Structures are given as structure tokens and as C-alpha cells.
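Take a walk through this model, one region at a time.

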Amino acid sequence: MQVKEYKPLIVAFCCNWCSYAGADLAGNNRLNYPAEVKIIRVPCSCRVNPMFVLRAFQRGADGVILCGCHPGDCHYTSGNYYTRRRMAMLFSMLDYLGIERERTRVEWVSAAEGAKFAATMNDFAEKVAALGENKRLEDLRCKK
Amino acid sequence: MQRIGVFVCWCGSNIAGTVDVVAVAEALKSEPGVVFSANYQYMCSQAGQDLIKDAIKEHNLTGIVVCSCSPRMHEATFRKTAAAAGLNPYMVEIANIREQCSWVHKDMPVGTEKAIILGKAAVAKVNLNTPLVPGESPVTKRALVIGGGIAGIQTALDIADAGFEVDIVEKQPTIGGKMAQLDKTFPTLDCAACILTPKMVDVGQHEKIRIFSYSEVEAVKGFVGNFDVTIKKKARYVKEELCTGCGDCVSKCPMKKVPNEFNLGMDNRKAIYIPFAQAVPKVATIDADYCNMLKNGKCGVCAKFCQAGAIDYTQKDELIEEKYGAIVVATGYNPISMDKFDEFAYNQSKDVITSLEFERLTNAAGPTAGKLLRPSDGKHPEKIVFVQCVGSRCDACNEKGKEYCSKICCMYTAKHAMLTRDKYPDTDVTVFYIDVRTPGKNFDEFYRRAVEEFGVHYIKGMVGKVSPEGDKLIVQASDIIANKQIKIDADLVVLAAAIEPDKSARPLATMLTASMDTNDFFTEAHPKLRPVESPTAGVFLSGACQGPKDIPETVSQAGAAASKVIGLLAKDKLTGNPCVAHSNEMMCNGCSSCERVCPYGAITYEDKEFRMPDRTTLVRRIAVVNPAVCQGCGCCTVACPSGAMDLKGFANNQIIAEVDAICK
């Protein structure tokens, strides 16, 4: 039987002002990163409810990454500070539940950092792929 | 159920080169809600937009998904297209299959698969979109300028000349700011007073400008277009409307030993004073800390001699409430305190002065009537040493100074050195510098003239120590180019002190919810593209409150800020961003979690009556979002423990639908 090559499924939440623009710049500069990375646009990284991260894992995501403006550069002044704290809490809880730390990440990518965006996604996808499939939180009822 | 149309753009070969657009359009056809699907070479072209418009009308579409370039590029375009066809513009979603798909993946099947998934996520989202209507709010057609230096003056004049009312709030008794204290200005050596005072007079006489001098902003409420500002007019014990500025009171006042802050304490003024001859408004002010009448009830000389009857010892601080549509911050800068810099002996010797003090010493209206004399003994200094970067460009861990370059010091030091050599050719002038930074129009030429024409000695190296010895000052320094330690004696040492934002800026920023950087400079909305706007809507930045600036730069920024203000005040109504937070009042329990995280103060609470099933009423505290203030970051939605807060356009169920579509 032919074994299908394992590709991780990665959900990336990007803030509209910095990281989403950084991802656009990566595209403009034709910097490759794995197609498994799917970007969801949010106004600010602080819009990402921990519920969304849990939902992604429940539906079978192998990794979730949040990207926002650098500390001090948030379009909304302070949103990314909330993100940093909320996600530190959430990721530590997920770690306790058996979702490895490498599957979750918060990264600051500015609108000028297309290269950083691509490098971050390559690195993150590689680390997640090395861990293999994530089954811990997956809800099989979601898969038909 | 929505009726969704999907429009897949080829973008020439930009998308179609890596993504099978026909397959994408075909695959999305079977998604829930999709009733129409098409692909076209250039959706953003007129023909492409017409295709969308026709489809909306023909198929009665209630929502559309455009699979194309980044929404940052053409979301606005397609929203307009939808609106032109009678569809609510917020029923449009973009699947970014160019920047985030075709351009970053090379393989056609991979790209196509991802494009389909991104399209599905957009369809899932648009299924949950609701038509949004931006709110409107009126605009108070009056601007407030905080700070009456050259930045505030120029901004106020430009706004007033466009026909809008402007109020200037200045904490000193007169407008003019730092520029009024300067002698000459680089690189043209215009006399500062000659170019500033006509502008001050213009401000004073302009029918659209009111000056609140000796006043401070006490509180700011409201939002863009509708600020409610409380201004504290400090008691100056002189009735402004009666005072003619004749100065009789000043000449008769017996209290002579008050340090004159306008001359940086280098001479004395009276307890009742007019800061300088060209002050605007030219009104006397009584310094309550020194006035005998106010302190002990004995004196009253000024009241006796005032023919206008303007003196009023019973005056109290007055609070004035005003409404404004826009606020310009022009709080400016100050040189940092030299107290921490013991090595330069600033506090030990009167002959170690800062550059601003030097400016007063050379100013004809200064303490020495413009003669360059040593503060200690009144002799003419024969050897002057200028030290640059005192407190500027310091190590991050050195708490004494600032990390940034103060920008103006190289040029004013060159100016001081040049003018000294010009007026007193027998004076020996040495400048110690780390780097000479002169990037400005005619700036480097100016500096080179100081060196080449006026024979100023420039030595690359930092001064380590200044020690008073007899009536001389011994300057120990390193000469980096000669690679040696040197020791020279000087009669006067001038320190180019770093500049920092005015102390009033931080509390003001809190009042305005305008953000600041770690150095207390105001942050601009975008460092390149929105340099005179604060991230807080309706708050604009002018001059050195945003960063160190020289006069030409300050004036151009002041004009830019004014043009932004005029653009705002010219509108009768402001259209807001409809993607704002809103609270479900049935779920909200008024806990204040959202209010605490809101960076804009957009959330308030009100007690609302709810009708109970048994026909009684229940009063509950609920959160209310002001849509005109909310910027739509969504921070509150996550903080809300009951899930009452949601963000329009990026609602919880919409984002979850996207997650589900991607993870399917």
C-alpha cells in the first residue's frame, strides 16, 4: 500500500496591519513556504480567541501560529501585549494536555519582514512536521 | 441562506500560472450557498467589475467571494463594485490566492488545492456576513492646539487661514516657546525673533485664533470630531482684557530677586512680569510664589500703579469647557537636566553652561545684552570648548542619558562656534564630537564653513571630565584620530544637552489615549505614511513632541498636521469603520473586563431596564461600545468572559467557520 507523504496542517492567524502585510510581502518577493500554512486574517492578534486555537486543534490542525506586530508597534497600541500573555497561558495549558510546545507559536512579523514571515513559516512547518500528526485534541466526530 | 457568487481572478498569469483557476471556480460551485461561479483574466478591470455587477443583479446575489490578490490591494475596489450593484459592501470577502498562494508555491496541484481551501474559507465566512452600515458622527468645526511654540503657532495659523476656529493652549504666560529664546537660526543665521515674532503677532491678531495662555489641558473626553476638553486657566492675578502691557507694574514691583526662567535663571525678574518684550499676549503675570501681596498681604504696589485697573489679587484658577473636532499636540521639548552629569562639573562651575544658556548669553535681549561674557566673573572668555552629544546617543544601560540622537545639536553647535569666531575672532573655539551629523539642506555646507572659513577646531572624541581649577576649566578628553588623551584649559564650556519631550507630554498622552514610545515621544500612526497623525483618530502631532526636530522640519510638520486637521474639519459628518465591537446586552453582565483592555476608552457602562417575563423590570449594568471611538481591534471580545462582546466583520462564528473550512 502506498503511504501518502505526511503534510502537517497549519493555521496561521495574522494581524491585518503587520503580519498579513508581511505575508503579502513574502508573496511579492516570491519567497516560498509550505502550502500547508493557511492564513486567516484578523484585525489584530489580540482578536484571536483561545477558542479559535482550540477549535483548530479539535478539527485536526497540527500546528497553530499567531503573528502580530512587534511589541510597541501594535496598530492598536497594546493588542499584541494581550496576545503575548493570553497565549503564554494557553500554550502552557495545551502543553499540559499533551500538545507539544513546538505546535504552538506567537511570532512578531512586521509589514516589512516578508523574509522573516517566510523563514518563520518554513521553520514552524518543519518543526511541526517532525512531531507528526496531532491526535490529542482531535475530535473524530468532526471528520466524516 | 445566502446566495453567493464566486469570482476567480487569473491576474493574467500571476495566479493562473500556478493555480488552475477553472478548477477552483468549479470546486467552489458546490460549496454551501454558492449559486454562481466565474473566472476572468482581470477581475479588477472594468470588464471584470462589470461581470461582478451583472452577476449580482442577475442572480440576486447576497454575498460575493473574490479569489484574487490581497484584500489589502483590492478589497476596497470590490466593495465599491458591490455597492454600485446595490449590494452591501461588507458582504464581500476576498480569498487571497495571489500573494499568499500562487506567488509562494510553485507546484500547480499544490497551489490549486490551497486556493480551493482558501476559497472555501472565504465562502464559509461570507455565509455568516451581515450587511454593515458605517456609523456617522458630526464634527465640531474647531481645533485645539496644545502648545504655543513654533509648531503650535504654525499649525494654528494654517488651520485658521483655512477658515476654521483654533484655540491654542499654552502653559507659559506667552506663546513663542523655545524658538523665542534662540538668538540666530541655522543654516541661514536669520535672527530667531525676527522670523518668529511676526508669526506670534499674526496669531494674536487672527480673528479665528484664541490664545489660552498660562493655561493647561485638564481633561479630555470624547472622540474624533467630538472632543470635550477642560482647560485650566491658571490665575495670573491680572485681568487679561484690561492689561495693556505697558509694564508700569513691572518697573514698580519691589520684588526683584526672582530667577528669570526665560533667561534660564541667569538673571532675575520681578514678581510681576512679562516674559519678554514681544510676548503675545502682552499681559503681565504675577508669580504667586514670590509676590508679597499674595503671600503676606503686604505690598499692593502694582495695583496702585496700574492705570488700567487690571490687577486682581483675588483671581482664581478657572476651568473652561470647550468642544473640539481635532486636537493637535505640539508640546515640544526641553533640554535634559545636567544634574546627573557630574563629570562635566555643571553644578560646580558657573562657567559650564548648556547650549540654550549660551543662546541666551549671545542674545541681545539676554542677561548680558548679547555680549558673550562668562557667567562667573563677567569677563570675555578667550577659550571656549563645546561638548556635543551630552546625554544623546547613550548606551541603553546608561540611565543618565538618552539612546537617541537629539538631531539638532551638531548644527547649533556649529552655529555657536561660527558666530563666536565671527564676533570675537580672537576667541579660540574647540568642538568635541562623536560624529558630525548634518543631513539637511545646506547643513553640511554650513558645518564646513565653520571649520574652513571660521577656523573652529573640531576634535573627534568625547570629553571625559571637566574640572574647575582657579578661574579656568580643565577639559580632559580623548582625541580618537590622533589616538591620544588630551588636556586643554577653557574659560567657558558649553554642553550640547540632549533634548527630551516636555514633561507635560506623558499625562497628556494618557488623557488623549495617544501612544508614546519608551522615550515619551508621541508615536505616529505610521512612521512613513502617516507621520503627523497619532494612532488615535482625531489627534495630530506637530513638532518635537514626536521626535527631535529642527525648525524647518517642525514648520513643515506643523503645516502637514494642519492640512490633516483641515481635511477632518472640512467634513460635516464622519463615516466610521463599521467593523467595530458590539455587546450583546442579554449576555453582558457588566463586569468591566472589556473596558479594562480597550486601548481607546470606547466602552462605557449604562444601567438598562430589562422587562422580565413576570412584567417586572430589572435594571442591569451593561457595556456599551461607542462605534465612533472603537477602532475594531477586537481585544475586548477575547477578554469578555460571558461571550457577549463580538466584533462585526470578524465575528467569532465567522473566524470559527474559516478555521473549520481550513481544517476540513
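This is a predicted model: local features need pLDDT of at least 70, side-chain atom pairs count only at pLDDT 80 or more; totals for chains, interfaces and linings use all residues.

Residues are numbered from 1 along each chain as its sequence is written, while chains are lettered from A and ligands numbered from 1 in written order.

Begin with strand β2 (residues 37-42) of chain A. Helices (H or I, at least four residues) and strands (E, at least two) are DSSP runs, numbered from the N terminus. In β2(A), 6 of the 6 residues are buried, so the strand is largely enclosed by the rest of the structure. Buried means 20 or more other C-beta atoms within 10 Å of the residue's own, exposed 12 or fewer, and partly exposed in between, with C-beta atoms placed from the backbone. In a regular strand, side chains alternate between the two faces of the sheet. Here V37(A), I39(A) and R41(A) cover one side. K38(A), I40(A) and V42(A) take the other.

β2(A) pairs with strand β1 (residues 10-15) of chain A, parallel, over 6 bridges; pairing needs at least two DSSP bridges. I10(A) has V37(A) as its bridge partner.

Now chain B. Its domain assignment, automatic or from a database, gives domain 1 (4-126), domain 2 (142-181 + 188-331 + 515-569), domain 3 (333-500) and domain 4 (581-648). The C-alpha centres of domains 1 and 3 of chain B lie 64 Å apart.

E606(B) sits in strand β32 (residues 603-611) of chain B. E606(B) counts as exposed because it has 11 C-beta neighbours inside 10 Å.
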